[in-house]
Amino acid sequence: MADFNLIMPKMGESIMEATILRWLKKPGDMVALDETLLEIATDKVDSEIPSPVAGRLEKILFAENAVVPVGQTIAIIATEAKAGASKENGTPPIPQLEKTPPPVAESIQKPVETKQQSQPSKSASVPYVPVHSGQLQNIPANSGNRFYSPLVRNIASSEGISTTELDQISGSGQGGRVTKTDILAYLQDRGQGGQTTQVQQQNNSQQQPLFQEEPQVQQQKVETAPVVRTSMTSSDGATEIIEMDRMRKLIAEHMVRSKQTSPHVTSFVEADVTDMVMWREKVKDNFQKKYGEKITYTPILIEAVVKAIRDFPMINVSVDGDNIILKKNINIGMAAALPSGNLIVPVIRNADGYNLMGLTKAVNDLANRARTNKLRPEEIQDGTFTLTNVGTFGNVMGTPIINQPQVAILAAGAIRKKPGVVETPYGDLIAIRHYMFLSLSYDHRVVDGFLGGSFVRKVADYLESFDPEREF
């Protein structure tokens, strides 16, 4: 038999680590080819990881709730095949790391001995329970040449660690990155009155930091204890305190960062969408019979947005310092609801290359898989413009928050029947029409009122000029 090293896969270009949510097998279990072994989480997406080989699961190297760098060995599978053999379909084997499993596996089999230690080492697994209740700080994802994961930033914020102090902590992760273990060990030292308790004071006085860089370790230890979610009720039962779940924390962080990054301005337009509504009502049954797809207003809205972006390409940009990055690809993000009630933004890449039928299929597919938590990490990345439909909740308009690093987001309100003035060759008439509010929030650093207002007006023009006799 040969040992196969299962590694943490790369789930997207910007994904550097993932959290192990749940192991579906235990050591000693037999595993079939492509059978799901574990579930992992990256940013907002939870993914199932299948086994690339058949065999027996020998060892699990990282426990549930561990944050593991991409490319790290997470389990050992004993197989009948020779090491390095490819799968039946002829695809190249997954790159393997060292053959000898690291000693960290032993920490899963038995508890870590602590009687002879006065304090844990920096590589030891340290459980984390938040102890500070003060206002959270905003820790940036990047500081200088260092990147901090959402988990590390959440811990730093809840413990009152500033960005300056965080920059002084030695990192044992890939490229010197600070891991959960590093920051918990730092907190342990600080809590025991060690020398690190003076770092913040010395930073404030601009003195030399005491915390010196240490050599990187080759293998990250198992991170065993998750952040415990707590629910507390007051003595009189009138209030309840519920800790945010992982996704809610990520959403909160993203929203606050967007407001701190971009000065938001919102422009509103009311569009007469009567022809669009009447066309959809006329064709929706035949459309579904012919293509097996329900046509909603979302693909029609996306089609109008794509046309308007072609007319005003400077709305399809991002900001990098003093530079404006013009995006040639039109990748439209569409806000979709998850079963938990949270929102996620899957992306239709190169949306300008789809006709209405293609947009309908893409919208339905992404929305359905969002509801069943089947989105892949790359499907929520690289959007250049976002559309959200607040009309789904019965709202007539909204002031959406920009999805960074984009510079604009369009909200479509509920369609309502109202009396309106209709111009005819015989004079103006009052008729019942269908109206929709469109609201565009944009980054006033690079999008002025003329561009923002003209863009949302152009989207409304395309919707109002919808051909009621359009073939499908």
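Student: What makes Lys418 count as lying over the face of Tyr435?
Tutor: Keep in mind that this is a predicted model. Lys418 is at 5.3 Å from the ring centre of Tyr435. The cut-off for such a charge is within 6 Å of the ring centre, together with an angle within 35 degrees of the ring normal. Lys418 therefore counts as lying over the face of the ring. Arg280 is described in this way too: it lies over the face of Tyr297, at 4.7 Å from the ring centre.

Student: Why is H8 called largely enclosed?
Tutor: Twelve of its 15 residues are buried, so the rest of the structure encloses most of H8. A residue is buried when its relative accessible area is under 20%. For the protein chain, buried residues make up 45% of the 472 residues.

Student: How do you know what span to expect for H8, residues 297-311?
Tutor: The expected span is 1.5 Å times one less than the number of residues. H8 has 15 residues, and the expected value is 21 Å. From first C-alpha to last, H8 reaches 22 Å, which is close to that.

Student: What makes Thr296 a cap for H8?
Tutor: A side-chain oxygen of Thr296 lies 3.4 Å from the backbone nitrogen of Thr298, at the N-terminal end of H8. The limit for a polar contact is within 3.5 Å, so this pair qualifies.

Student: How far is His264 from Arg445 in sequence and in space?
Tutor: They are 181 residues apart in sequence, and their C-alpha atoms are 8.9 Å apart. In the protein chain, 64% of the contacts between residues at least 6 apart in sequence join residues at least 24 apart.

Student: Why is the pair of Phe287 and Tyr291 called tilted?
Tutor: The structure holds five aromatic pairs. In the pair of Phe287 and Tyr291, the ring centres are 5.0 Å apart and the planes stand at 55 degrees. Stacked needs under 30 degrees and edge-to-face needs over 60, so this pair is tilted. Both residues are in helix H7, residues 274-291, four residues apart, or about one turn of the helix. They form one aromatic cluster together with Phe472.

Student: Why do Phe287 and Tyr291 get separate accessibility labels?
Tutor: Phe287 has 2% relative accessibility and so counts as buried. Tyr291 has 29%, so it counts as partly exposed.

Student: What makes the pair of Phe385 and Phe455 tilted?
Tutor: Their planes are at 55 degrees and their ring centres 5.4 Å apart, so the pair is tilted. This pair links distant parts of the chain: Phe385 is in strand E20 and Phe455 in helix H10, 70 residues apart. At 0% relative accessibility, Phe385 counts as buried, and Phe455 has 0% and counts as buried.

Student: How do you know that E20 is mostly covered, and which strands pair with it?
Tutor: Four of the five residues of E20 are buried. E16 is joined to E20 by three bridges and runs parallel to it. E20 also pairs with strand E21 in the parallel sense, over four bridges. Two strands pair when there are at least two bridges between them, so both cases qualify.

Student: Why are E1 and E3 called edge strands?
Tutor: An open sheet of four strands has the order E1-E8-E6-E3, with antiparallel pairing. E1 and E3 each have a single partner strand, so one side of each is without a neighbour in the sheet.

Terms used: Residues numbered from 1 in each chain as written. Predicted model: local features only at pLDDT ≥ 70, side-chain atom pairs only at ≥ 80, totals over all residues. Heavy atoms only, no water. Buried < 20%, exposed > 50% of the residue type's maximum accessible area, 1.4 Å probe, protein only. Polar contact = N/O pair within 3.5 Å; in protein donor to acceptor, adjacent residues only side chain to side chain. Phe/Tyr/Trp six-rings, centres within 6.5 Å; stacked < 30°, edge-to-face > 60°. Contact = heavy atoms within 4.5 Å.
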